[in-house]
Amino acid sequence: HTKSPNNAIRRPALRCIGILSGGENSLGLNLTQLGVLEALENVLGSQSEKLIREACWTVANLLACGPGVVGLCMSKGILAHARLLVKTSNRVIAEEAMWVIYTALTSGSEEQMEKLVQLGVIEDLGMLLNTDDVSIQGNALKILDEVINRGKSVKNKALHREMINKLDESNGAENLEILQFHKNEEISKMASRFINEHYKICLLYTSPSPRDRTRSRMPSSACKKKKKKK
């Protein structure tokens, strides 16, 4: 039914797959063996906003099944599709795709998370901070915070540093500093907490940005806080 030309049939079929996966690795893997990922890849490349949103929800549920499904989604190009959708001008779809990337980063193995970071998913998420959509900005901050927190806990201690550097490559530091003065109080507080929690840890390796060798990688507000502590 996921391949039906009738969208009224395809949408509930996609929803059923997401529900059936149940976040359990064995169930998720069994569903992938039935050709579900190929069907989802086809839907993600369609022109229907409703279908794409439903497919993103289904993919996120499948990814929650664990590293086995995350690995298959990476090799089948599902996450590549999600990365493209994050950059779309359709903010509804971009927000759905953002949660797909989040689930892959938090449900995969440490090695898979490291690979996704190297592929540029942190930059993808960081770009969403520079939008005029409060919902997307807020969710991007929440997702980046949780994902980077996971980066602190892995065996590869350099991963957290790489995440911060990747975020800065998408103008993350500048965007975070701007968001501290956002008219939305919640966004403002989230941005300030993010800087305090993640950039203060990186004070010991604030190498200049490749874009500007005269500048620190941390937001200037973090630099000021560091000076005050002295």
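Predicted model: local features only at pLDDT ≥ 70, side-chain atom pairs only at ≥ 80, totals over all residues.

Residues are numbered from 1 along each chain as its sequence is written, and side-chain values use heavy atoms, with hydrogens and water left out.

**Stop 1**

How many salt bridges does the structure hold? The count is 8, where a salt bridge is a side-chain nitrogen of Lys or Arg within 4 Å of a carboxyl oxygen of Asp or Glu. Select Arg11, Arg15 and Glu54 together, and you have a network of salt bridges.

Take glutamate 54 and arginine 11 to begin with: their side chains meet in a salt bridge at 3.9 Å, N to O. This pair links distant parts of the chain, with glutamate 54 in helix α4 (residues 49–63) and arginine 11 in helix α1 (residues 7–21), 43 residues apart. Helices here are DSSP runs (H or I, at least four residues), numbered from the N terminus.

Now show arginine 15, whose side chain meets that of glutamate 54 in a salt bridge at 2.6 Å, N to O. Arginine 15 is in helix α1 and glutamate 54 in helix α4, so this pair ties together parts 39 residues apart in sequence.

Is glutamate 54 buried or exposed? Its relative accessibility is 8%, so glutamate 54 counts as buried. The cut-offs are under 20% relative accessible area for buried, over 50% for exposed, and partly exposed in between (1.4 Å probe, protein chains only). Arginine 11, at 33%, counts as partly exposed, and so does arginine 15, at 34%.

**Stop 2: Glu123 and Lys166**

Next, select glutamate 123 and lysine 166, whose side chains meet in a salt bridge at 4.0 Å, N to O. Glutamate 123 lies in helix α9 (residues 121–127) and lysine 166 in helix α11 (residues 158–169), so the pair ties together parts that are 43 residues apart in sequence. Glutamate 123 is buried, at 15% relative accessible area, and lysine 166 is buried too, at 16%.

**Stop 3: along α11**

Stay with lysine 166 and color in the buried residues of α11, which also include Leu159, His160, Met163 and Ile164. What covers them? Among the covering elements are α8 (110–119), α9, α10, α12 (172–179) and α13 (185–199).

Try the distance tool on the helix ends: the end C-alpha atoms of α11 are 17 Å apart, which agrees with the 16 Å that its 12 residues should span. That expected span is 1.5 Å times one less than the number of residues. Just after α11, click on asparagine 171, which takes a positive phi of about 65°.

**Stop 4: Glu146**

Move to glutamate 146 in helix α10 (residues 134–153). This glutamate is partly exposed, with a relative accessible area of 42%.

**Stop 5: the cysteines**

How many disulfides are there? The count comes to 0, with a disulfide taken as a pair of cysteine sulfur atoms within 2.5 Å. Cysteine 73 is in no disulfide; the nearest cysteine sulfur, that of cysteine 65, is 9.3 Å away. Cysteine 73 counts as buried, at 1% relative accessibility. Finish on cysteine 16, which counts as partly exposed at 44%.

Technical notes:
Helix = DSSP H or I, 4+ residues; strand = E, 2+ residues; numbered from the N terminus. Contact = heavy atoms within 4.5 Å.
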